[in-house]
Amino acid sequence: MKDFTEYVITIIKAIPDGRVMTYGQIAKVAGKPRAARQVSWILHSMSQKYKLPWHRVINSKGEISLKGSEQKELLEMEGVHFSNLGKVNLDTYLWEPDEEELLHG
(Lines give C-alpha, C1' and ligand atoms only; values in the text may rest on other atoms or scores of the structure.)
Protein backbone atom coordinates (compact mmCIF):
# COMPACT_ATOMS: atom_id res chain seq x y z
CA MET A 1 0.00 0.00 0.00
CA LYS A 2 1.30 3.45 -0.86
CA ASP A 3 2.27 5.89 1.89
CA PHE A 4 -0.53 8.35 1.03
CA THR A 5 -3.18 5.63 1.24
CA GLU A 6 -1.80 4.35 4.54
CA TYR A 7 -1.77 7.84 6.00
CA VAL A 8 -5.34 8.52 4.85
CA ILE A 9 -6.46 5.32 6.56
CA THR A 10 -4.61 6.32 9.75
CA ILE A 11 -6.22 9.76 9.71
CA ILE A 12 -9.75 8.45 9.16
CA LYS A 13 -9.36 5.81 11.90
CA ALA A 14 -8.29 8.55 14.32
CA ILE A 15 -11.35 10.80 13.87
CA PRO A 16 -13.01 10.80 17.31
CA ASP A 17 -16.68 10.12 17.98
CA GLY A 18 -18.78 13.23 17.49
CA ARG A 19 -16.28 14.93 15.20
CA VAL A 20 -15.90 15.14 11.42
CA MET A 21 -13.26 15.83 8.80
CA THR A 22 -13.66 16.82 5.16
CA TYR A 23 -12.27 14.92 2.18
CA GLY A 24 -10.04 17.87 1.29
CA GLN A 25 -8.86 18.34 4.84
CA ILE A 26 -7.81 14.68 5.04
CA ALA A 27 -5.97 15.00 1.73
CA LYS A 28 -4.14 18.10 2.98
CA VAL A 29 -3.15 16.49 6.29
CA ALA A 30 -1.94 13.42 4.36
CA GLY A 31 0.30 15.64 2.21
CA LYS A 32 -1.67 15.95 -1.04
CA PRO A 33 -4.00 18.96 -0.72
CA ARG A 34 -5.53 18.44 -4.18
CA ALA A 35 -6.38 14.75 -3.65
CA ALA A 36 -9.86 14.96 -2.10
CA ARG A 37 -11.25 12.61 -4.75
CA GLN A 38 -8.54 10.10 -4.01
CA VAL A 39 -9.53 10.25 -0.33
CA SER A 40 -13.11 9.54 -1.40
CA TRP A 41 -11.97 6.52 -3.42
CA ILE A 42 -9.86 5.19 -0.53
CA LEU A 43 -12.79 5.63 1.84
CA HIS A 44 -15.16 3.86 -0.55
CA SER A 45 -12.85 0.97 -1.39
CA MET A 46 -11.30 0.32 2.03
CA SER A 47 -13.94 1.19 4.65
CA GLN A 48 -15.02 -2.39 5.29
CA LYS A 49 -11.55 -3.94 5.16
CA TYR A 50 -10.10 -1.47 7.67
CA LYS A 51 -13.32 -0.81 9.63
CA LEU A 52 -13.10 2.91 8.92
CA PRO A 53 -15.56 5.33 10.53
CA TRP A 54 -16.61 6.46 7.04
CA HIS A 55 -19.60 8.37 8.39
CA ARG A 56 -17.29 10.97 9.97
CA VAL A 57 -16.07 12.21 6.58
CA ILE A 58 -18.18 14.93 4.95
CA ASN A 59 -17.74 17.49 2.18
CA SER A 60 -16.23 20.95 2.55
CA LYS A 61 -19.68 22.56 2.78
CA GLY A 62 -20.45 20.55 5.92
CA GLU A 63 -22.84 18.33 4.01
CA ILE A 64 -23.19 14.60 3.56
CA SER A 65 -22.09 13.50 0.10
CA LEU A 66 -23.55 10.00 0.32
CA LYS A 67 -27.24 10.61 -0.19
CA GLY A 68 -29.49 7.78 0.94
CA SER A 69 -26.96 6.46 3.47
CA GLU A 70 -27.34 6.21 7.23
CA GLN A 71 -24.50 8.71 7.66
CA LYS A 72 -26.64 11.46 9.19
CA GLU A 73 -28.19 9.08 11.71
CA LEU A 74 -24.78 7.69 12.72
CA LEU A 75 -23.40 11.19 13.25
CA GLU A 76 -26.48 12.26 15.22
CA MET A 77 -26.05 9.21 17.48
CA GLU A 78 -22.56 10.54 18.23
CA GLY A 79 -23.97 13.96 19.16
CA VAL A 80 -23.34 15.81 15.90
CA HIS A 81 -26.13 18.30 15.19
CA PHE A 82 -27.31 19.35 11.73
CA SER A 83 -28.79 22.70 10.76
CA ASN A 84 -32.23 22.95 9.18
CA LEU A 85 -30.39 22.97 5.83
CA GLY A 86 -28.76 19.61 6.65
CA LYS A 87 -25.30 21.01 7.34
CA VAL A 88 -22.82 20.31 10.10
CA ASN A 89 -21.31 23.38 11.74
CA LEU A 90 -17.64 22.88 10.90
CA ASP A 91 -16.60 25.50 13.48
CA THR A 92 -18.04 23.19 16.14
CA TYR A 93 -17.47 19.65 14.88
CA LEU A 94 -14.44 19.78 12.59
CA TRP A 95 -11.54 17.77 13.99
CA GLU A 96 -8.07 19.10 13.31
CA PRO A 97 -5.56 16.48 14.39
CA ASP A 98 -2.02 17.25 15.35
CA GLU A 99 0.88 15.04 14.34
CA GLU A 100 1.15 13.56 17.84
CA GLU A 101 -2.47 12.37 17.80
CA LEU A 102 -1.96 10.64 14.48
CA LEU A 103 1.30 8.97 15.37
CA HIS A 104 0.20 7.76 18.79
CA GLY A 105 -3.57 7.81 18.27
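Modeller: Leaving aside its neighbours within four places in sequence, Val39 is in contact with Phe4, Val8, Tyr23, Ile26 and Ala27, where contact means heavy atoms within 4.5 Å. The model is a predicted one, in which local features need pLDDT of at least 70 and side-chain atom pairs count only at pLDDT 80 or more, while totals for chains, interfaces and linings use all residues. Residues are numbered from 1 along each chain as its sequence is written, and side-chain values use heavy atoms, with hydrogens and water left out.

Val39 belongs to helix α3; helices (H or I, at least four residues) and strands (E, at least two) are DSSP runs, numbered from the N terminus. Its relative accessibility is 0%, and Val39 therefore counts as buried. Buried means under 20% relative accessible area, exposed over 50%, and partly exposed in between, with a 1.4 Å probe and protein chains only. Thr22 stands 17 residues from Val39 along the chain, and the C-alpha atoms of the two are separated by 9.5 Å.

The helix itself deserves attention. Besides Val39, the buried residues of α3 are Ile42, Leu43, Met46 and Ser47. What covers these buried residues includes α1, α2 and β2 (57-58). From α1, Thr5 touches Ile42 and Met46, not counting residues up to four places away in sequence. Thr5 has 9% relative accessibility and so counts as buried as well. At His44, α3 bends by about 40 degrees, the bend being the angle between axes fitted to the seven residues ending there and the seven starting there. Just after the helix, Lys51 takes a positive phi of about 50 degrees.

A nonpolar core is a set of buried Ala, Val, Leu, Ile, Met, Phe, Trp, Tyr and Cys residues joined through side-chain atoms within 4.5 Å. The largest such core has 21 residues, and Val39 is among those with the most contacts inside it, together with Phe4, Val8, Ile11, Ile12, Ile26 and Val57. Two or more residues each are given to this core by α1 (3-14), α2 (23-29) and α3 (36-50). Its largest share, six residues, comes from α1. Another core lies apart from it, with eight residues, including Val20, Ile58, Val80 and Val88.

Finally, the whole chain. Its secondary structure comes to six helices and two strands, which follow the pattern α-β-α-α-β-α-α-α along the sequence. The radius of gyration is 13 Å, close to the 13 Å that the globule rule gives for 105 residues, so the chain is as compact as a globular protein of that length. That radius is taken over C-alpha atoms, and the globule rule is 2.2 Å times the number of residues to the power 0.38. Of the 105 residues, 40% count as buried.
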